[in-house]
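Let's walk through this structure together, one stop at a time. Please keep the sequence beside you as you read.

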Amino acid sequence: MTPILFAVLELLSVCIIIFGNEIIKTRFFSEIRKTEAKVFAVFENIRYYLSLKETNTELVEENLKLREEIFALKAEIEEYQAKGYSMSDSLVYDGYSIIPGKILKNSLTQRINHVIINKGSMHGVKPDMGVITQNGVLGIVTNVSENASSVLSILSKNTGISAKIKSTGTIGPMIWEGRDTKHMCMPEIPHHIEISEGDTVCTSGYSSVFPPDIELGTIESISMTKAGFKKAVVRLFEDYSSIHFVSIVNNGKTEEINTLMEENRKK
């Protein structure tokens with residue numbers, strides 16, 4: 001008992017000295033805070049090390065997935081090259097070849113708007129090819145010279161594209177009413193189709209010009225027309241006033257499709 005009693009008395013003496021003197025008391029708590037900070041720093045380093053290990057594991061797994069995708073893409077590229085496609089000027093997917101281009105002149109304020117791009121016949125561009133952007137669709141090639149092409153913009157009166165409402169699969173024309181460059185509309189949606197503001201609109205794939213499922217915009221408002229259709233105003237994803245680069249789309253199956261359509265007309 002004597003050693004324990006001695007230790008208790010020593011502790012009480014230290015407490016009396018510390019709390020009985022403000023200077024000693026301040027220094028004591030200052031040292032306590034420094035010690036706490038060091039302890040917290042140690043625990044924080046341990047936590048960081050453990051989280052870093054977890055992060056490194058995630059990065060390794062992600063790198064493995066990316067490597068698998070690279071190998072898969074490499075195999076596809078080799079397959080396309082074996083079929084005679086050139087990968088220097090174009091990319092190929094699902095029967096479509098994509099020729100990258102740059103806008104030289106862009107018209108936005110006319111009733112009929114045209115865009116000039118820096119790729120022409122020497123690059124494989126032909127009339128009636130579609131032109132797409134990073135966030136939508138630009139238009140259709142109308143005239144081609146050796147090193148440049150003219151594109152009829154979808155922001156032109158009486159010009160439309162075949163669009164689809166993703167939520168319902170409803171297909172219909174999407175046209176520009178000439179009001180501004182941020183909106184187009186789908187004026188012929190059957191009245192019984194349930195659509196909502198915020199629904200995404202994309203290309204339908206029913207045309208041989210544009211690949212399917214290119215997202216164009218979202219429905220901003222809905223109204224009824226005098227003809228009994230629903231009219232959806234679509235806010236476009238693309239900012240047509242700041243486009244610089246485009247992709248010209250060539251559907252390798254266009255001639256085959258056109259031949260079948262021509263045969264059907266003759267019947």
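Lysine 166 is partly exposed, because its relative accessibility is 40% and the partly exposed class lies between buried, under 20% relative accessible area, and exposed, over 50% (1.4 Å probe, protein chains only). Before going further, note that this is a predicted model, in which local features need pLDDT of at least 70, side-chain atom pairs count only at pLDDT 80 or more, and totals for chains, interfaces and linings use all residues. Residues are numbered from 1 along each chain as its sequence is written, and side-chain values use heavy atoms, with hydrogens and water left out.

Which residue forms a salt bridge with lysine 166? The partner is glutamate 215, and the closest N and O atoms are 2.7 Å apart. A salt bridge here is a side-chain nitrogen of Lys or Arg within 4 Å of a carboxyl oxygen of Asp or Glu. This pair links distant parts of the chain, 49 residues apart: lysine 166 sits in the loop between β7 (160-165) and β8 (170-175), while glutamate 215 belongs to strand β11 (residues 215-224). Glutamate 215 counts as partly exposed, with 36% relative accessibility. Side chains of opposite charge can pair when their charged atoms come close.

The structure holds 5 salt bridges. In another of them, arginine 179 meets glutamate 177 at 3.7 Å, N to O. Arginine 179 is exposed at 66% relative accessibility, whereas glutamate 177 is partly exposed at 27%. These residues also belong to a network of salt bridges that links Glu177, Arg179 and Lys231.

Glutamate 220 and arginine 235 form a salt bridge too, again with 3.7 Å from N to O. Glutamate 220 lies in strand β11 and arginine 235 in strand β12 (residues 230-236), so the pair links distant parts of the chain, 15 residues apart. Glutamate 220 has a relative accessible area of 37% and is partly exposed.

Stay in strand β12 for a moment, where you will find valine 233. Is valine 233 buried or exposed? With a relative accessible area of 17%, valine 233 is buried. Contact means heavy atoms within 4.5 Å; apart from neighbours within four places in sequence, valine 233 is in contact with His183, Met184, Cys185, Thr218, Ile219, Glu220 and Ser221.

Now turn to strand β6 (residues 149-153), the place of serine 150. Serine 150 is also buried, at a relative accessible area of 12%. Beyond its neighbours within four places in sequence, serine 150 has contacts that include His114, Ile140 and Asn143.

Next comes the nonpolar core, meaning a set of buried Ala, Val, Leu, Ile, Met, Phe, Trp, Tyr and Cys residues joined through side-chain atoms within 4.5 Å. The largest such core has 40 residues, and those with the most contacts inside it are Leu138, Met174, Met186, Val201 and Ile248. Strand β2 (residues 96-106) gives the largest share of this core, 4 residues. Leucine 138 touches residues including Ile103, Val115, Leu152 and Tyr240. In soluble globular proteins, nonpolar side chains tend to be buried together.

Finally, step back to the whole chain, which has 3 helices and 13 strands. Helices (H or I, at least four residues) and strands (E, at least two) are DSSP runs, numbered from the N terminus. Of the 267 residues, 29% count as buried.
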